[in-house]
Amino acid sequence: MWQRGTNFMDGTMSINGCGIPPGTNASYVWYAQNPGTAWYHSHRGMQYTDGLYGAIVIHSPNEPASKQPYDDELTLMIGDVYNTRSRDLPTKTTGRRPVDAVPDGAVINGVSQARCAYLYPSDEHPGVNWCGHVPTAQYEAELVGGKTYRIRIVNSGSLVPYTFSIDNHTFSVIEADGVSLAPYEARTLSLDVGHRYSILVTLDQPPAAYWMRVHLEVEAQVYKGPKFNATTLGVLRYKGARGAPPDVPGPKIRDGEYDAGPRTIFPPAVPLEAPLPTLQHSVVYGAFLKPDGSSGMTFNDRMWRPLPDGVAAVYFVNASNAHRPKEVARLVGPQHNLLTTQPEVVDLIVNAPHDLATHPFHLHGHSFWIMSQGPGVFDGDSSTLNRTNPMRRDTFVVPPGGHAVIRFVADNPGIWPLHCHIAWHLEGGLLMTVTAMPREMVKFDIPPHMKRLCYKQYA
Ligand SMILES: [Cu+2]
């Protein structure tokens, strides 16, 4: 969620918030200045994998995407789903931390055809599983023929990218992660975990029902479970039309590609030249598996682990006036931390020379320019990269063995997490922090009701 000056409302457990203890509540207050499609979810452990999430839509008459002609809108939260509670899932590796448990299928606004056969019992409640919580049904949207809809799609899953399509319909992509796009015509749309898009769909086909298809990508099926359900169906029904959708073949999907182009790069509607960088910073990430069986994931060999419950680094800095870089470094936690004491234009060079998977990384609180993204490591001079209207968004993808270079203006005080949005990798420690202008964090006017959520009260 893009926000300025309210880092203490970001809500990441142990970094810039204390979470909401059981039986209490919290009001998160910030200026909703950046129109578009976002979402909220628990940022503690694997809670959102178990369903603790929802959509946030910010409207503005100034949003270029909203100037496109459409009659109404619809939001689809679509993501992979586990019929077993995350803490009870078996793990792919033998590590202390679970890595990449395989989902059972996908849900569209909470409805799916995930099968109950592939299940593991709960440790706490032997013999009980969560299958009954996921109705086996097809999500159905009844829309009016002849009208144009803005459909907002969020990949709210925990592991798997997917491709979305609607039989017999094309659409234009008009927004990505809160950035309006020059309309891009397509038949399929691929979303990595954490990505959001808006598409415009005109119901210009004969009145009937049509399948909406969510195809979980093959890459993730390499280690699929025995009953892994690769395609989840929903129904787009023209109002008044009866019967099931005709059984036509779905689109041919080439994994990792968005129609003919790279799947996450789109020209923004409003061109913005990227400024020249004032600071270059390189990180390397990867996974480790030690002989003792422990495993995890790191940025620059440092694995994130949350601070003790009830402690949040930003609240601590604010309360204790501990803003000097050495003090902050001691407080933020064990993860890799990039700290700037003054406004900088940062080029963050992210390389994954030895990693075998695709990872979607999200930086809290910012939109950034994607200056480069692709196969192979980046070891060049990032200040020479193309600055003319590069893609802007808040979640970037690094392919196996590949790299990304993102550029952002670090002038928004606070400690901002940058993490893989695959929930298992975040839980495995794949998080670093960007700390901007800690001296300003001391001036934060953190409301008492937020401080009270911390066991150690920072009053
Ligand atoms: Cu990852």
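A salt bridge is taken here as a side-chain nitrogen of Lys or Arg within 4 Å of a carboxyl oxygen of Asp or Glu. By this rule, 16 salt bridges are counted in the structure, which is a predicted model.

One of these salt bridges joins E175 and R152, whose closest N and O atoms are 3.8 Å apart. E175 belongs to strand β8 (residues 171–176) and R152 to strand β6 (residues 148–155), so the pair ties together parts that are 23 residues apart in sequence. Buried residues are those under 20% relative accessible area. E175 is buried, its relative accessible area being 0%, and R152 also counts as buried, at 0% relative accessibility. The two residues are part of a network of salt bridges in which E63, E73, R150, R152 and E175 are linked.

A salt bridge is also formed between R196 and D177, with the closest N and O atoms 3.6 Å apart. R196 lies in strand β11 (residues 196–202), while D177 lies in the loop between β8 and β9 (179–186), so parts that are 19 residues apart in sequence are tied together by the pair. Both R196 and D177 are buried.

The salt bridge between E440 and K443 has its closest N and O atoms 3.2 Å apart. E440 counts as partly exposed, with a relative accessibility of 28%. K443, at 60% relative accessibility, counts as exposed.

The structure also contains two cavities of 30 Å³ or more. Strand β1 (residues 36–41) supplies the largest share of the lining of the largest cavity, namely three residues. Sorted by class, the lining of the largest cavity comprises four nonpolar, four polar and three charged residues.

The second largest cavity has a volume of about 40 Å³. The residues that line the second largest cavity are H41, S42, H43, R44, G45, Y48, A423 and L426. By class, this lining has three nonpolar, four polar and one charged residues.

Notes. Residues numbered from 1 in each chain as written. Predicted model: local features only at pLDDT ≥ 70, side-chain atom pairs only at ≥ 80, totals over all residues. Heavy atoms only, no water. Helix = DSSP H or I, 4+ residues; strand = E, 2+ residues; numbered from the N terminus. Buried < 20%, exposed > 50% of the residue type's maximum accessible area, 1.4 Å probe, protein only. 1 Å grid on protein atoms, 1.4 Å probe; cavity = no way out; pocket = protein on both sides within 12 Å on 5 of 7 lines; lining within 4 Å. Points joined across faces, edges and corners; volume = space filled by probe spheres on them. Nonpolar A, V, L, I, M, F, W, Y, C, P; charged D, E, K, R; others polar.
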